[in-house]
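The sequence and coordinates come first, then the points grouped by topic.

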Amino acid sequence: MSGRTDSGTEPAIAGTAATAATEETAQTEATEDAVDPVPDARRARWTALGTGALLSLAGLAASLLRLTGSAPALVPAAYALGAALCALAAVLGLRGRTRRALWLLVAGTAVMAVGDQFD
């Protein structure tokens, strides 16, 4: 006779309280660690818009420079087409279609690069 009374229920009650506190802490940490996707999406839209606008302006400038020179007609046309694709990518990026905008930026830059090879 050790003098203990009902020692089997105390750890069970304490364990339940500790488990509830642990679950509550885990839920709080999960909500704190949750990343808000809105700023990332906004940054992606602005990046697509800015890059598309910059590449389309560069393509148009290169097209005008090649048009005034002695380059074949295919070269300024390729630069203009690449600039148009990049401008379309800027519009799509502004509307939130960032994946399609990225692919159009790649395609527009590739068209400009291929047009440069004809020079």
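**Briefing: helices, burial and salt bridges**

L74 lies in helix α3, residues 74-94; helices here are DSSP runs of H or I with at least four residues, numbered from the N terminus. This is a predicted model, in which local features need pLDDT of at least 70 and side-chain atom pairs count only at pLDDT 80 or more, while totals for chains, interfaces and linings use all residues. Residues are numbered from 1 along each chain as its sequence is written, and side-chain values use heavy atoms, with hydrogens and water left out.

**Helix α3**
- The 21 residues of α3 should span 30 Å at 1.5 Å a residue, and the end C-alpha atoms are 30 Å apart, which agrees; the expected span is 1.5 Å times one less than the number of residues.
- The buried residues of α3 are V75, P76, A78, Y79, G82, A83, C86, A89, A90 and G93.
- Those buried residues fall within an arc of 155° seen down the axis of α3, so they line one face of the helix; the arc is taken from the directions from the helix axis to the C-beta atoms.
- Buried means under 20% relative accessible area, exposed means over 50%, and partly exposed is in between (1.4 Å probe, protein chains only).
- The cover over the buried residues of α3 includes α2 and α4.
- Just after α3, G96 has a positive phi of about 95°.

**Helix α4**
- Helix α4 (residues 98-117) has 20 residues that should span 28 Å at 1.5 Å a residue; its end C-alpha atoms are 29 Å apart, which agrees.
- A101, L104, L105, G108, M112 and G115 are the buried residues of α4.
- They cover an arc of only 110° around the axis, which puts them on the same side of α4.
- R99, W103 and Q117 are exposed on the other side of α4.
- Helices α2 (37-68) and α3 are among the elements that cover the buried residues of α4.

**S63 in α2**
- S63 lies in helix α2 and is buried, with a relative accessible area of 8%.
- Leaving aside neighbours within four places in sequence, S63 is in contact with P76, Y79 and A80; contact means heavy atoms within 4.5 Å.

**Salt bridges**
- The structure holds two salt bridges, each defined as a side-chain nitrogen of Lys or Arg within 4 Å of a carboxyl oxygen of Asp or Glu.
- D40 and R43 both lie in helix α2, three residues apart, about one turn of the helix.
- D40 is partly exposed at 39% relative accessibility, and R43 is exposed at 52%.
- The side chains of D116 and R66 also meet in a salt bridge (3.5 Å, N to O).
- This pair links distant parts of the chain, with D116 in helix α4 and R66 in helix α2, 50 residues apart.
- D116 is partly exposed at 31% relative accessibility, and R66 is partly exposed with a relative accessible area of 27%.

**Nonpolar surface patch**
- L74, V114 and F118 make a nonpolar surface patch of about 280 Å².
- Patches are made of residues with over 30% relative accessible area and no salt bridge, with like charges joined within 9 Å and nonpolar side chains (Val, Leu, Ile, Met, Phe, Trp, Tyr) within 5 Å.
- L74 is partly exposed, with a relative accessible area of 44%.
- Accessible areas come from the Shrake-Rupley method with a 1.4 Å probe, and for residues only the protein chains shown count as cover.

Definitions and conventions: Helices (H or I, at least four residues) and strands (E, at least two) are DSSP runs, numbered from the N terminus.
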